[in-house]
2 protein chains.
Amino acid sequence: MFRDVLAAHNRVARACLAQALPATGPLAEPMAYAVQGGKGLRGFLVIESAGLFDVQTGQSQYPAAAIEAMHACSLVHDDLPCMDDDDLRRGQPTVHKKWDEATGVLVGDALQSLAFELVTDPAVGPGEVRAELARTLGRGAGGLGMVMGQALDLAAEVATEPLTLEEIIALQSGKTGALFEWSCFAGAILGQSDPEPLRQYGAALGQAFQIADDILDVEGDPELVGKAVGKDEAAGKATFVSLLGMDRARRRAHELCDAACDALSQYGEKAELLRDAARFTISRSN
Amino acid sequence: MFRDVLAAHNRVARACLAQALPATGPLAEPMAYAVQGGKGLRGFLVIESAGLFDVQTGQSQYPAAAIEAMHACSLVHDDLPCMDDDDLRRGQPTVHKKWDEATGVLVGDALQSLAFELVTDPAVGPGEVRAELARTLGRGAGGLGMVMGQALDLAAEVATEPLTLEEIIALQSGKTGALFEWSCFAGAILGQSDPEPLRQYGAALGQAFQIADDILDVEGDPELVGKAVGKDEAAGKATFVSLLGMDRARRRAHELCDAACDALSQYGEKAELLRDAARFTISRSN
């Protein structure tokens, strides 16, 4: 059931995104390439959280497409040689491998712009709603993301050091978490309701997702994960697993899953698919 | 007079931008560094075009700061080794030289996000205005920029070829032009008026600016320009000067300046500083 709805919402978000991509020009092909594949978990969260407030897919598909565009932007830039230097993404050559680094930089920039164009599409709703979606998305990808990155820095006890590659990676993790949070409370903005419960759900979910990612990097099957594994350890990167150990990391992921589900209590049965999403997040194999 | 107002508007836009920058964290210093300097011509255009409709600086300073953040984003990314590979910008080491390439990529991404956060600040105006500013800024930096880049491609008669570095540079020029246009019609959006005359002004101004840039790359004093000159020719880059020759390029810049001024006729005396801006654009030495 959850997987069926995830797939269905993903088709809706991808179709909306595909419509917004440039049809011609030098970036048309690499942009379309950059957004293909992926489970569409973030877009699912937007559509499903909007559904709690009876917001129709015809409106929520735009912010769903936007968060997938923003996510694709961060993947393309993260894969660049000067960042994580990854050759494979979802089992395919990364954008800068298939084209070149300049294309990778520009595709990411264009996808970020597109995300803001999508959340402010007139079909999304009243101006106040669209402006608030754009403002919080900007803050999530920029300001808040940094604050969260810093919090991770503090956890790793490197906060007093100058800028290091490790801090940059922590910052990126913060950005990932902020985008998860946004995916969830965007539904409440669309529904013109209190975003706080969904913000809490999204924060817990985002951290659980990151821990699951770290666990997959240690124990995952590269065929299923679709990218190289064991990279974090080889790079001496501080992860939840290296900081907490495997057992405590796994326990923490389960606690976060429970916290995420608890945050949805006021929505009752209507939020059951969002609870499934939290369980899926910590049990996924890719 | 024009230079005084340019400087005054620049101080307002910079102060607004400085307030919005992160105060702490690993990107605080490189982001502040990336936005320093610059004449603030784009921010001036926002504030001055908004003034045609009696929109106060307290509102227009946010989109003015936003366009300067977006401009700084494109400069930092353009300077990267995989793009134009520039070591100097405004006479100072570029972000990736002073820090590293990863910092350059992330600073640009964060500045783009910040731009959208700024245009959607509640102080800017009603939701419809803020949403429209964000939507058009997203389209300008993404979609429209690409269309303009393509038009330049066609002019260079390379449109049937696959993606080349030249096309990428053309695309960047398109982006620059689109941001100039946005700076001008943003004032009409703020004033809830027809954006068309200011769009025409901005389009002519943007192309005149690009021609003046190409001329400066050939004839400019590197001390005044604040960056290396003669790079375009050395790189075999197609520019307005290489395509048209110096005389025709200069004439075309003057025609565009006249067209820009003509587009403002309905605003009368109130638009005199915007006309001065057009004249300044083609006569500047840096």
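A salt bridge is taken here as a side-chain nitrogen of Lys or Arg within 4 Å of a carboxyl oxygen of Asp or Glu. The model is predicted, so local features need pLDDT of at least 70 and side-chain atom pairs count only at pLDDT 80 or more, while totals for chains, interfaces and linings use all residues. Residues are numbered from 1 along each chain as its sequence is written, chains are lettered from A and ligands numbered from 1 in the order in which they are written, and side-chain values use heavy atoms, with hydrogens and water left out.

Over all chains, the structure holds 24 salt bridges. One of them joins B:Arg199 and B:Glu196, with an N to O distance of 3.4 Å. Both residues lie in helix 9 (residues 196-219) of chain B, three residues apart, about one turn of the helix; helices (H or I, at least four residues) and strands (E, at least two) are DSSP runs, numbered from the N terminus. B:Arg199 is partly exposed at 28% relative accessibility, and B:Glu196 is partly exposed at 36%. Buried denotes under 20% relative accessible area, exposed over 50%, and partly exposed in between (1.4 Å probe, protein chains only).

In helix 14 (residues 272-283) of chain B, B:Asp276 and B:Arg279 are three residues apart, about one helical turn. Their closest N and O atoms are 2.7 Å apart in a salt bridge. B:Asp276 is partly exposed, with a relative accessible area of 23%, as is B:Arg279, with 38%. In chain A, a network of salt bridges links A:Glu272, A:Arg275, A:Asp276 and A:Arg279.

A salt bridge also forms between B:Arg89 and B:Asp79, at 2.8 Å between the closest N and O atoms. B:Arg89 lies in strand 1 (residues 88-89) of chain B and B:Asp79 in the loop between helix 4 (57-78) and strand 1, so the pair ties together parts that are 10 residues apart in sequence. Both B:Arg89 and B:Asp79 are buried.

In chain A, A:Asp79 is located in the loop between helix 4 (57-78) and strand 1 (88-89) and is buried at 3% relative accessibility. Neighbours within four places in sequence aside, A:Asp79 contacts A:Asp85, A:Asp86, A:Arg89, A:Thr94 and A:His96, where contact means heavy atoms within 4.5 Å. The C-alpha atoms of A:Asp79 and A:Thr94 are separated by 6.9 Å, the two residues being 15 residues apart along the chain.

Zero disulfides (cysteine sulfur pairs within 2.5 Å) are present over all chains. A:Cys257 is in no disulfide, and the nearest cysteine sulfur, that of A:Cys261, is 4.5 Å away. A:Cys257 is buried at 6% relative accessibility.
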